[in-house]
Amino acid sequence: MEKVAVVTGSSSGIGFETALALARDGFYTYATMRDITKAGSIQDISKKENLKLEVIKLDVDNEDSIKSAISKIFSEKNRIDVLVNNAGFLLFGCLEDISVEDVKAQFETNFFGVIRLIKETAPIMRKQGSGIIVNVSSIAGRIAFPATSAYISSKFALEGLSESMRYEMSPFGIKTIIIEPGVIKTNMLSSFKQTTTKPDSPYKEISEKVMNGIKMMGQMATPPSDVAKTIIKAIKTEDPLPRYIVGNDASMFLEAKKMKTDIEFENYLKKELFSN
Ligand SMILES: NC(=O)c1ccc[n+]([C@@H]2O[C@H](COP(=O)([O-])OP(=O)(O)OC[C@H]3O[C@@H](n4cnc5c(N)ncnc54)[C@H](OP(=O)(O)O)[C@@H]3O)[C@@H](O)[C@H]2O)c1
C-alpha cells in the first residue's frame with residue numbers, strides 16, 4: 001500500500017528538504033506551499049529523480065485553502081499517513097516594539113495554522129486507525145530568548161498543544177512527534193519579519209545584540225537536510241519519542257537548561273549570547 005505524506009511550507013528550507021526526503025523514502029508526497037510560483041526547484045529535482053511528489057497550494061492561515069487541499073488529497077489517495085506541520089516564520093522585535101496585530105499574525109501561522117491542519121487531517125487518520133503528525137517546533141519552544149517573544153510564545157504554545165494531543169490521539173493510532181531544531185541555515189534567518197524597531201526604541205541595544213547573535217549563530221547553522229533526516233528517522237521508529245532535537249547548539253542549550261536552576265540558566269544564557 002502506498003503511504004501518503006503532506007508537508008506544509010515546502011517552498012524552501014526545512015519543508016523543501018523534508019518533502020524531498022519523504023518522496024525519496026517512497027512516500028507519495030504532497031509538497032504544499034502558499035505560493036506555487038515557488039514550485040520550480042522542487043519540481044525540477046522531483047522530475048529528475050522520478051519521485052512521486054506533487055505540489056499543491058496550501059496557505060495555513062486560510063481555512064478554505066486547507067479544506068480544499070486536504071479534500072483533494074483525500075479524494076486522490078483515500079488516506080494520509082504523515083502530516084508535517086512545518087510552515088512558519090519568525091517575527092523579530094521586543095514586546096513593546098511589536099503590535100498585538102503582529103503577535104496575532106505570528107500565532108495565526110505558527111500555531112493556529114497547525115491546529116487548522118490537524119483538525120482537517122486527524123479525522124482521516126483516526127478512521128484509518130493510524131497516522132503520524134510531526135510538529136516542527138524549535139529550541140525556541142523550550143528556551144526563551146529576547147527580541148523574539150512572539151515567536152517564542154507561538155512555539156511554547158505548539159509544544160503544549162503537541163504534548164496534550166499526543167495523549168488524546170494515541171489510543172486511535174495517531175502518533176505525535178515534536179521536532180526541535182537549533183539554528184538552521186534557511187531563509188528564515190535572513191528574511192525574518194522585522195517590525196518597527198524604531199530608531200528611538202529603548203530596546204534598540206538589546207535588539208541589536210540579539211540580531212548580531214542570530215547572524216553569528218547563522219554562520220555555524222545546521223543544514224535543513226539534517227532536520228529532514230531526523231524527521232524520517234522519527235517517523236520510521238515503531239514508538240517515536242515525544243521530541244527530537246536537531247543541531248549541536250540545540251543539544252548544548254537544552255542540556256545546560258536541564259543541569260541548571262532557572263536563575264543559573266538565565267545568567268549562563270546572558271553570558272553566552274548577549275555579553276558583548
Ligand atoms: N531556520 C531555523 O533556524 C529554524 C529553527 C527552528 C525551527 N524552525 C522552524 O522550521 C520551520 C520552517 O522554517 P525554515 O527555517 O525552513 O524557514 P523558511 O525557509 O523561511 O521556510 C518557511 C516556509 O514556511 C512557509 N510559510 C510561511 N507562512 C506560511 C503560510 N501562511 N502558509 C503556508 N506556508 C507558509 C514559507 O512559504 P513562503 O516561501 O511563501 O514564505 C516557507 O515555505 C518553521 O516552523 C520554523 O519556525 C526554523
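I started with a crossing: helix H4 passes helix H5 in a right-handed crossing, meaning that the near helix is turned clockwise from the far one by less than a right angle. Helices here are DSSP runs of H or I with at least four residues, and strands are E runs of at least two, numbered from the N terminus.

A word on the source: this is a predicted model, where local features need pLDDT of at least 70 and side-chain atom pairs count only at pLDDT 80 or more, while totals for chains, interfaces and linings use all residues. Residues are numbered from 1 along each chain as its sequence is written, and side-chain values use heavy atoms, with hydrogens and water left out.

Next I looked up the residues joining H4 and H5 by contact (heavy atoms within 4.5 Å). On H4 they include Phe 107, Phe 111 and Ile 118, and on H5 they include Tyr 151, Leu 158 and Met 165.

Then I turned to Ala 69, which sits in helix H3 (residues 63-77). Ala 69 counts as buried because its relative accessibility is 2%; the cut-offs are under 20% relative accessible area for buried, over 50% for exposed and partly exposed in between, with a 1.4 Å probe and protein chains only. Beyond its neighbours within four places in sequence, Ala 69 touches Ile 56, Lys 57 and Leu 58.
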